[in-house]
Amino acid sequence: MSNALRNPHGSRLAALILLSIPVALYILVFLTPLASVVSLSLDNSALGTGFATLRAATEDGDADRRAQALLTDLGAMEQKQLGETARMLNQEKTGFRSLILKTGKEADTIAPTMDGLVSFDKRWADQEYWGIIDRNIGQITWRHYQKATGLKVDANGDLTISKGDDIYLRVMGRTLLITLQVTILTLLIGYPLAYGVTNGTRRVSGTILAIVLLSFWTSVLVRTTAWVVLLQTNGLINTLLVGLKLTSEPVQLIFNRFGTLVAMTHVLLPFAILPMMNVMRTIPKSQSDASRSLGAGPIETFLRVYFPQSLRGVLVGGGTVFILALGFYVTPALTGGPNDQMLAYFIADFVNKTLNWGMASALSVMLLSTVVLLVAAARIGQWMMSNRKGIA
Amino acid sequence: MNYLKVARISVVVSLCASPAMARDFTIAAWGGNYQDAQREAYFNPFAKAQGLKFVETTYLGGLAELKAMGDTGNVTWDLVMSGGTDAQLACDEGLLEEIDWDALGGGKELLPAAVQPCAAGNVVIGNGFAYNTEAFAAEAPKDWSDFFNLEKFPGKRGLINNPYMNLESALMADGVPLDQIYEVLSTPEGVDRAFAKLDTIKSELQFWEAGSQPVEWLVANNVAMSSAYNGRIITAKKEGKPLEFVWKNHIYNIDVWAIPKGAPYKEQALEFLKIANTAEAQAKFSAAMPYGPTNVNAGKLMSPETVKDLPVGENIAEALPYSDSFWIENYDSLKERWSNWVVQ
């Protein structure tokens with residue numbers, strides 16, 4: 001401190017050094033994984049480096065030379081790389097795995113010609129296998145994005161989507177829809193609650209705040225599981241409904257869209273309430289009083305004085321909920337049915353079950369770019385609105 | 001992307017946290033009652049015989065952890081229990097130690113399917129379906145064709161959210177003989193046929209991910225019938241839950257012990273396999289957890305009450321052995337088709 005007083009430039013240096021630590025951390029824990037996800041989605045070095053000889057031989061197109069190059073490449077692979085190559089190619093065509101493993105293990109004994117390969121396994125006569133190898137031995141690949149979007153280049157060179165291949169686009173659409181529904185629900189429920197906290201009596205506001213914060217501090221997993229217990233067929237709510245003779249049979253409340261929306265809304269509610277509350281706190285109460293004293297009714301006062309000023313909080317709360325909900329995984333997995341799973345579910349599946357990190361990364365990039373596009377669109381919308389206000 | 005990030009960070013953190021050998025012998029298995037029974041039958045006797053301490057962790061299938069260990073060289077497990085398919089895949093990619101069966105006595109007492117290049121088959125699991133006995137008091141469902149019969153047995157159905165086992169069951173329900181299931185499933189028409197059969201109950205389907213879910217759902221009446229592992233159902237039944245497991249036409253597969261490549265306690269892990277392969281230890285395990293032994297002599301050491309709940313003897317007279325090799329080849333394409341089918 002005393003040093004800083006004596007030498008102001010030294011303090012700037014100290015500040016810079018101090019700042020460099022969080023910046024470096026930020027780059028390490030945020031930007032590096034992001035960059036590696038993008039590179040994973042395009043990276044094909046696992047296949048690309050293994051088939052260097054074949055790639056060179058493909059240029060002159062002689063079948064025997066290609067067969068020889070393939071055997072050289074497969075024979076040079078270690079078990080680990082051979083297994084990985086086989087797994088990745090099998091993602092493109094069923095049966096490729098055994099073909100690669102078999103050929104790789106026997107590479108030394110097979111005659112290095114196309115006839116030799118075909119007599120070893122007649123599948124090598126099928127051009128489809130060769131075509132898949134040709135398409136996938138570059139250093140980078142677009143195949144994960146093709147699969148993620150369902151877009152294919154057909155024989156005429158046109159981009160097409162065949163029916164049934166657009167699964168991830170449909171899941172993306174579903175993800176956006178659920179997210180939007182949850183955002184609207186949290187805002188509808190959260191707004192009156194936030195209003196109650198800021199404008200209610202001490203007791204009301206204290207109670208609401210305590211409940212909101214309590215659920216905010218509880219683990220997502222616990223709250224989700226609690227909803228499973230409440231909503232299941234023999235759960236509390238169904239028992240109540242049947243007991244009150246409102247329904248004769250238990251209603252299906254969970255493992256469908258309803259359960260997903262209820263649980264997600266509850267989990268995300270604090271993220272909507274807290275920002276709205278903060279903004280509402282800054283709205284002077286005297287303004288409402290002034291409006292009332294000037295003759296406006298309570299509804300008009302709310303709509304013309306209070307609500308427009310609270311809108312900033314609604315935007316921040318809604319935006320936070322929207323972005324958090326887009327990446328939700330555990331809650332829909334536990335409370336939804338197969339048609340309520342969001343994109344994150346499929347990403348986790350690719351990472352954990354099939355080890356297809358390329359596909360997982362491509363889907364992550366798809367989700368990320370959707371967020372970026374939406375944020376950009378919101379910014380542009382905001383800018384246009386403020387411009388129009390300026391003209392008016 | 002959050003999950004990848006978390007995964008990466010946790011890999012980095014665990015790299016910093018654990019130097020290679022300064023840890024105890026680590027066993028990864030499926031958790032729950034299953035692992036409790038293994039602790040009694042295998043882990044404790046093994047630790048006592050070797051005079052070492054062990055720690056346990058859980059593993060939920062897939063190759064992700066094994067691949068991370070192989071890539072980083074930081075092998076945090078010495079022994080893992082996995083499904084046969086994953087073990088074969090991991091073996092092909094060099095993620096598991098190869099097993100010198102001569103050093104283990106050749107594995108002559110074991111089922112031939114249990115003697116694998118990188119793994120020792122240890123547990124036989126019955127994958128059938130179960131129902132709530134209160135829901136079907138008048139007439140009980142007997143086989144897969146009843147499972148697919150919504151008119152005679154109305155109500156929701158639970159199935160695992162994966163193509164494996166389900167496509168086989170659909171074909172069995174459609175009348176394909178047991179010895180032709182995988183033959184039929186290898187053809188595009190056979191796959192179409194299986195999905196067409198699944199279409200007939202799709203409106204009532206609910207998909208599970210974890211083995212505990214079928215029991216919860218059946219007990220809570222969320223579903224009327226569900227595919228399930230025999231061990232989970234029989235354990236719940238012993239606790240007094242009104243459940244029944246259908247043995248006819250169930251599919252049985254083998255869970256295996258394997259050693260991750262480069263495990264620092266490889267020698268001790270091999271000693272573990274010797275214990276785990278014995279008839280005595282397997283009989284002890286099966287008495288606590290109703291899954292079958294791979295040691296053909298273990299049955300002689302068990303009581304008839306234990307045997308009647310296991311996928312052995314009479315129970316597997318009309319059962320289908322699960323084909324790991326079929327699913328290794330076909331999983332990617334069929335999983336894609338399955339995901340598409342589920343979403344439609």
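Chain A is assigned three domains: domain 1 (2-42), domain 2 (45-139) and domain 3 (168-391). This is a predicted model, and in it the C-alpha centres of domain 2 of chain A and domain 3 of chain A are 51 Å apart. Chain B has a domain assignment too, with domain 1 (2-124 + 254-312) and domain 2 (125-252 + 319-343). The points below go through the contact between the chains, then the contact inside chain B, and end with a disulfide.

**Where chain B meets chain A**

- The contact draws 49 residues from chain A and 43 residues from chain B.
- Together, chain B and chain A bury about 4,200 Å², and carbon and sulfur atoms account for 52% of that area.
- Six salt bridges are counted between chain B and chain A.
- One salt bridge pairs the side chain of Lys147(A) with that of Glu336(B), at 3.6 Å from N to O.
- Polar contacts link 12 residue pairs across the interface of chain B and chain A, counting pairs with both residues at pLDDT 80 or more.
- On the side of chain B that touches chain A, the elements giving two or more residues are α1 (2-17), α3 (64-72), α4, β6 (205-208), α9 (213-219) and α14 (324-343) of chain B.
- Among these elements, α14(B) gives the most to that side, with 12 residues.
- By residue type, the side of chain B that touches chain A splits into 15 nonpolar, 15 polar and 13 charged residues.

**Inside chain B: domain 1 against domain 2**

- If you look within chain B, you will find the C-alpha centres of domain 1 and domain 2 lying 27 Å apart.
- Domain 1 of chain B brings 16 residues to their contact, and domain 2 of chain B brings 15 residues.
- About 1,300 Å² is buried between domain 1 and domain 2 of chain B, with 59% of it coming from carbon and sulfur atoms.
- Between domain 1 and domain 2 of chain B, the salt-bridge count is zero.
- Polar contact is found for three residue pairs across the interface of these two domains of chain B, with both residues of each pair at pLDDT 80 or more.
- For the side of domain 1 of chain B that touches domain 2 of chain B, α2 (32-50), α4 (84-92) and β4 (119-132) of chain B are the elements that give two or more residues.
- The largest share of that side belongs to α4(B), which supplies four residues.
- The residues on that side of domain 1 of chain B comprise nine nonpolar, four polar and three charged.

**A disulfide in chain B**

- Over all chains, the structure holds one disulfide.
- The disulfide joins Cys91(B) and Cys118(B), and its S to S distance is 2.0 Å.
- The disulfide is right-handed because the torsion about the S-S bond of Cys91(B) and Cys118(B) is about 55 degrees.
- Cys91(B) sits in helix α4 of chain B and Cys118(B) in the loop between α4 and β4 of chain B, so the pair ties together parts 27 residues apart in sequence.

Methods. Residues are numbered from 1 along each chain as its sequence is written. Chains are lettered from A and ligands numbered from 1 in the order in which they are written. This is a predicted model: local features need pLDDT of at least 70, side-chain atom pairs count only at pLDDT 80 or more; totals for chains, interfaces and linings use all residues. Side-chain values use heavy atoms; hydrogens and water are left out. Domain bounds come from an automatic or database domain assignment. Contact means heavy atoms within 4.5 Å. Buried area is the accessible area (1.4 Å probe) that two parts lose on being put together, summed over both. A salt bridge is a side-chain nitrogen of Lys or Arg within 4 Å of a carboxyl oxygen of Asp or Glu. A polar contact is a pair of N or O atoms within 3.5 Å; within protein, one must be able to donate a hydrogen and the other to accept it, and residues adjacent in sequence count only if both atoms are side-chain atoms. Ala, Val, Leu, Ile, Met, Phe, Trp, Tyr, Cys and Pro count as nonpolar, Asp, Glu, Lys and Arg as charged, and the others, Gly among them, as polar. A disulfide is a pair of cysteine sulfur atoms within 2.5 Å.
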